[in-house]
Amino acid sequence: MRLNDLDERIVHALAEDARRSYADIGQEVGLSAPAVKRRVDRLRADGAITGFTVRVDPAALGWETEGFIELYCSRNTSPEAIHRGLSRYPEVASASTVTGEADAIVQVFASDMRHFERVLERIAGEPFVERTKSVLVLSPLLRRFGSGAPR
């Protein structure tokens, strides 16, 4: 589904703050509050909007260490197998298959370096993982949150 310009503006407004009122969004995009609600309801029904959430600073939850792990998997490991293996780790914030030498890249949050090391060791021990390569984040420089393509 490709969003039209008006729907995209509504989605961007919700992505900035999902608690904004339909009236407030309507003022920004030039629609009435009921018209915005109808569009949001349609976007939800069509699957363009998959839910509403809160963004929390990981450090507020005790996750002080962030890193990325490249996974190099055994032959014929499916994305579904990687997903199943990684979904058991609450420390995994995101995982994606990628191009290049690695098969997947995994974003991990941990309470400290030792915790990150334990998670890395457990992931490296998964039966489909042949080797890993990891990097730690020193300072996050830019983060954008789920509103689709940047404006």
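In the predicted model, D46 forms a salt bridge with R42, the closest N and O atoms being 3.9 Å apart, where a salt bridge denotes a side-chain nitrogen of Lys or Arg within 4 Å of a carboxyl oxygen of Asp or Glu. The two residues are four positions apart in helix α3, so about one helical turn separates D46 from R42; helices (H or I, at least four residues) and strands (E, at least two) are DSSP runs numbered from the N terminus. D46 is partly exposed at 44% relative accessible area, and R42 is likewise partly exposed at 33%, with buried meaning under 20%, exposed over 50% and partly exposed in between (1.4 Å probe, protein chains only). Residues are numbered from 1 along each chain as its sequence is written. Because the model is predicted, local features need pLDDT of at least 70 and side-chain atom pairs count only at pLDDT 80 or more, whereas totals for chains, interfaces and linings use all residues, and side-chain values use heavy atoms, with hydrogens and water left out.

The structure holds 12 salt bridges. One of them joins the side chains of R39 and D7 at 2.6 Å, N to O; R39 lies in helix α3 and D7 in helix α1 (residues 5–16), so the pair ties together parts that are 32 residues apart in sequence. D7 is buried, with a relative accessible area of 2%, while R39 is partly exposed at 21%. A further salt bridge connects R143 with E66, with the closest N and O atoms 2.4 Å apart, and links the segment after β4, which holds R143, to strand β1, which holds E66, across 77 residues. R143 is partly exposed at 39% relative accessibility, whereas E66 is buried at 7%. Through shared partners, salt bridges join D7, R39, R42 and D46 into one network.

F128 is found in the loop between α5 (113–124) and β4 (129–136) and is buried, with a relative accessible area of 10%. Although F128 and T77 are 51 residues apart in sequence, their C-alpha atoms are 6.5 Å apart in space.
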